[in-house]
Amino acid sequence: MQEVTIKVSEFDTVEEIHEYLAEELEFPAYYGKNLSALYDVLTDLSEDVRIIMDLSGTADEELLEEAEKMVEVMEDASEENEYLEIECEE
């Protein structure tokens, strides 16, 4: 199982998180780096993946809100894709 940990406090923007995920999970080049595109690529995964979103210590309220939206999308995608597991640490 591939595991990716995202410590949100280490990023400056939600775009950076999208880029990190795209690189770590080798998303296709056409990945749009938005919530809709994130859902699409996560529901298409065909190998076991666990994503850990660590929201603790995130001081930037706007970034925290955007990361929480990402978690919701990831959780929705995990309900549709048995290969995807999401863990959120707050």
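Q: What is the volume of the largest pocket?
A: Rolling a probe the size of a water molecule over the atoms shows where empty space is left. In this predicted model, the space found in the largest pocket has a volume of about 240 Å³.

Q: Which residues that line the largest pocket are the closest to its centre?
A: The lining of this pocket, by class, holds seven nonpolar, two polar and four charged residues. Of these 13 residues, the closest to the centre of the pocket are Leu25, Glu26, Leu45, Ser46 and Glu47.

Q: Is Glu26 buried or exposed?
A: Glu26 has its place in the loop between helix 1 (14-24) and helix 2 (35-43), and its phi is near 50°, a positive value in a residue other than glycine. Most residues other than glycine have a negative phi. The relative accessible area of Glu26 is 70%, and because a residue counts as exposed over 50%, Glu26 is exposed.

Q: What is the phi of Lys33?
A: Lys33 lies in the loop between helix 1 and helix 2, where, at 38% relative accessibility, Lys33 counts as partly exposed. Although Lys33 is not a glycine, its phi is positive, at about 55°.

Conventions:
Residues are numbered from 1 along each chain as its sequence is written. This is a predicted model: local features need pLDDT of at least 70, side-chain atom pairs count only at pLDDT 80 or more; totals for chains, interfaces and linings use all residues. Side-chain values use heavy atoms; hydrogens and water are left out. On a 1 Å grid over the protein atoms alone, a cavity is a set of points where a 1.4 Å probe fits but cannot get out, and a pocket is an open set with protein on both sides within 12 Å along at least five of seven lines; lining residues have an atom within 4 Å of a point. Grid points are joined across faces, edges and corners, and a volume is the space filled by probe spheres set on the points. Ala, Val, Leu, Ile, Met, Phe, Trp, Tyr, Cys and Pro count as nonpolar, Asp, Glu, Lys and Arg as charged, and the others, Gly among them, as polar. Helices (H or I, at least four residues) and strands (E, at least two) are DSSP runs, numbered from the N terminus. Buried means under 20% relative accessible area, exposed over 50%, partly exposed in between (1.4 Å probe, protein chains only).
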